[in-house]
Amino acid sequence: MRISSAAEREFGEFVATRRPALLGYARTLAGGDRHTAEDLVQEALVRLWLVWPRIAHGAPEAYTRRILVRAAARAAGRCWRGEQPTERVPEPASAADSADLVEARLGLTAALTHLPRRQRTAVVLRHYCDLPERQVADDLNCAPGTVSSLASRGVATLRSLIGGADAGLAA
């Protein structure tokens with residue numbers, strides 16, 4: 001596809017005038033990360049360029065914002081950004097910590113056997129496998145609300161069996 005020089009000039013003007021506003025918008029979508037925001041804007045402008053002749057005289061900024069929202073959602077799903085740099089390297093886990101983890105896992109496994117099958121399945125799929133409610137509902141052949149209540153009741157029972165805060169389960 002060949003774009004005319006007039007369309008190229010219009011696109012260049014759009015980028016020059018609206019890029020700072022798009023960067024600000026992308027930065028809010030990226031949680032304040034300037035580098036991620038720049039990547040999002042770059043991706044959005046590339047996608048915008050591909051459809052520029054069709055939307056140049058419509059609402060290109062609204063279209064670009066929509067591209068940014070979708071790009072930010074894809075980027076959030078693709079990357080884990082939970083790492084935080086620190087001044088000092090954390091202490092390595094000791095052997096006693098590993099033994100405590102094994103003991104906790106064995107206790108949780110034993111407690112899971114006391115749950116009804118559907119509650120156990122809902123808890124394991126939601127919290128251990130980290131599947132979304134909709135997918136668990138499909139697997140259990142029930143409504144998402146049923147999955148929510150099954151998992152909630154199952155976690156409450158596990159907490160009472162294991163001893164409250166020591167369970168380390170998400171609600």
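## The largest nonpolar core

Leu-40 touches Ala-26, Ala-30, Leu-68, Ala-71, Ala-72 and Ala-75, leaving aside residues up to four places away in sequence; contact here means heavy atoms within 4.5 Å. The model is predicted, so local features need pLDDT of at least 70 and side-chain atom pairs count only at pLDDT 80 or more, while totals for chains, interfaces and linings use all residues. Residues are numbered from 1 along each chain as its sequence is written, and side-chain values use heavy atoms, without hydrogens and water.

Leu-40, Leu-45, Leu-48, Trp-52 and Leu-68 touch the most other members of the largest nonpolar core, which has 22 residues. Helices H1 (5–29), H2 (34–55) and H3 (60–78) each supply at least two residues of this core, and H2 gives the most, with nine. A nonpolar core is a set of buried Ala, Val, Leu, Ile, Met, Phe, Trp, Tyr and Cys residues joined through side-chain atoms within 4.5 Å; buried means under 20% relative accessible area, exposed over 50%, and partly exposed in between (1.4 Å probe, protein chains only). Helices are DSSP runs (H or I, at least four residues), numbered from the N terminus.

## A second core

A second, separate core of ten residues includes Leu-125, Leu-131, Val-136 and Leu-150.

## Contact of H5 with H6

Arg-118, Thr-121, Ala-122, Leu-125 and Arg-126 in H5 meet Glu-133, Val-136, Asp-139 and Leu-140 in H6.

## Asn-141

Asn-141 lies in the loop between H6 and helix H7 (144–162). Its phi is near 55 degrees, a positive value in a residue other than glycine. Asn-141 counts as exposed because its relative accessibility is 72%.
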